[in-house]
Every structure is written in C-alpha cells, then in structure tokens.
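Please open the structure in your viewer and keep the selection tool at hand.

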Amino acid sequence: METTTLTQLTSLLLLLSFFFFHVSNSSTDFPIGIHPLDEKYYASDVIKCKDGSKSFTIDRLNDDFCDCIDGTDEPGTAACPSGKFYCRNVGSTPKFLFSSRVNDDICDCCDGSDEYDSNVNCPNTCVMGGDFSYQTRRYRSRRKHLDRVGGRNANEVIMADSAQRLKGLKILVLVQVALIIIFLVSRKLYRRSKSKRRHSR
C-alpha cells in the first residue's frame with residue numbers, strides 16, 4: 001500500500017511540476033508588458049491610442065518612441081512617461097509598474113520581465129514563492145544602481161535606509177517585550193485571584 005501511495009504522490013508531483021513549467025514558459029505572440037485583457041486590443045494591424053488622439057500601426061508598438069500621449073503604443077518600454085508595464089508574474093500576484101521602471105537595472109517583477117533588455121539577470125521567483133530571494137536580489141540591484149549613479153552618496157542612502165530599518169526593528173522588539181510582560185503579569189494576577197478564591201472557601 002505504501003508503494004502505491006508513493007507512486008501516486010510521485011505522479012502528482014511530476015504532473016504539478018510539468019504544469020508549472022508549462023505555465024511559466026508559455027509564450028504568447030504579444031509583446032511584453034501587455035495585460036491579457038488587452039491582447040485583443042493589440043491584435044489588429046492598426047491600433048488606436050486609448051485616449052483617442054491618434055492611431056498607429058502594429059510595427060510601431062514597443063519601438064521605443066512615444067507616439068501616444070497616454071503610452072498605449074509603448075507598454076513594454078520606458079519611452080512614454082505616462083505608460084504602464086504589466087508584470088504577468090505567473091504563480092504570484094500580477095501588477096502594473098510605471099514604465100520608467102522598465103530596464104532600469106532593478107528587478108521589480110518577480111518573473112523578471114521588466115528587465116528583459118538590461119544589464120541585470122532577474123530570475124523568475126514567482127512560482128517558487130521566493131519573495132525573500134526576490135527582495136534580496138532587488139536590494140542588490142538597487143545598490144548597484146545607486147553606486148553607479150551616486151558613488152559615496154549611494155552608501156549614505158543605504159546607511160540611512162539601514163538605520164531606519166534598525167530603528168523600526170528595535171521598536172518592534174520593545175513592543176513584543178512589553179506584550180510578554182503584560183501577559184505574564186496578567187497571568188500571575190489571575191492565578192493569585194484564583195488561589196485567593198480557593199483559600200477563602
């Protein structure tokens with residue numbers, strides 16, 4: 001019976017791993033940064049800007065030149081200041097980013113799709129639920145970015161950020177200690193009152 005259960009469990013794990021591999025590697029013919037509900041909108045040869053200002057052909061989509069004021073033609077680049085980039089984040093929570101965060105050497109999407117043409121290699125941590133490794137990677141990327149931009153100022157920014165986090169951690173520890181003390185005192189008072197009731201009978 002154990003062999004049957006083990007075989008079933010192995011089959012289930014293989015099926016799940018195949019499913020996640022297929023889902024995470026499934027590719028569409030649509031350019032990067034487009035929300036799935038907008039795929040039909042971008043499927044035609046001539047696409048109208050969402051604000052209605054003008055139209056553009058499909059070959060001008062994500063060409064790194066802002067044709068539409070609202071950024072409709074550049075969902076996958078940083079060309080339009082008002083554009084939005086959609087992170088699919090399959091296996092995690094999808095989200096929109098400001099287009100200025102695309103290819104800025106900082107991993108903002110857990111699937112790494114926002115850094116498709118940058119110097120940073122962002123691993124896909126969505127399916128693994130790897131928020132910790134994602135946050136660590138993002139911190140390292142931000143540090144490299146700040147070091148390139150600011151030199152000594154980057155270290156000052158990171159030190160100030162670390163000091164702020166340490167202060168928050170100290171407050172959290174103090175609150176936890178206070179709650180433990182309150183709990184222990186209330187428990188002791190409860191036991192005293194309970195023992196007084198027993199002795200008074």
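This is a predicted model: local features need pLDDT of at least 70, side-chain atom pairs count only at pLDDT 80 or more; totals for chains, interfaces and linings use all residues.

Begin by selecting His-35, which is found in the loop between α1 (2-25) and β1 (46-48). Helices (H or I, at least four residues) and strands (E, at least two) are DSSP runs, numbered from the N terminus. His-35 has a relative accessible area of 19% and is therefore buried; buried means under 20% relative accessible area, exposed over 50%, and partly exposed in between (1.4 Å probe, protein chains only).

Residues are numbered from 1 along each chain as its sequence is written, and side-chain values use heavy atoms, with hydrogens and water left out.

Next, display the whole chain. Its secondary structure comes to three helices and four strands, and along the sequence these follow the pattern α-β-β-β-β-α-α. Of the 201 residues in the chain, 24% are buried.

The next stops are the salt bridges, of which there are three. A salt bridge is a side-chain nitrogen of Lys or Arg within 4 Å of a carboxyl oxygen of Asp or Glu. Select Lys-50 and Asp-38, whose side chains meet in a salt bridge (2.9 Å, N to O). This pair links distant parts of the chain, 12 residues apart: Lys-50 is in the loop between β1 and β2, and Asp-38 is in the loop between α1 and β1.

Select Glu-39 and Arg-88, which form a salt bridge with the closest N and O atoms 2.7 Å apart. Glu-39 lies in the loop between α1 and β1 and Arg-88 in the loop between β3 and β4, so the pair ties together parts that are 49 residues apart in sequence. Is Glu-39 buried or exposed? Glu-39 is buried, because its relative accessible area is 16%, whereas Arg-88 is partly exposed at 29%.

Select Arg-60 and Asp-67 for another salt bridge, with the closest N and O atoms 2.8 Å apart. Asp-67 is buried at 6% relative accessibility, while Arg-60, at 34%, is partly exposed.

Move to Asn-89, in the loop between β3 and β4 (95-98). Its phi is near 45°, a positive value in a residue other than glycine. Most residues other than glycine have a negative phi. Asn-89 counts as buried because its relative accessibility is 2%. Then select Asn-62, in the loop between β2 and β3; this residue, also not a glycine, has a positive phi of about 55°.

Finally, select Ser-193 in helix α3. Ser-193 is partly exposed at 27% relative accessibility, and a polar atom of its side chain lies 2.8 Å from the backbone oxygen of Tyr-190. Conclude with Arg-191, which is placed in helix α3 (residues 152-200). With a relative accessible area of 52%, Arg-191 is exposed.

Methods:
A polar contact is a pair of N or O atoms within 3.5 Å; within protein, one must be able to donate a hydrogen and the other to accept it, and residues adjacent in sequence count only if both atoms are side-chain atoms.
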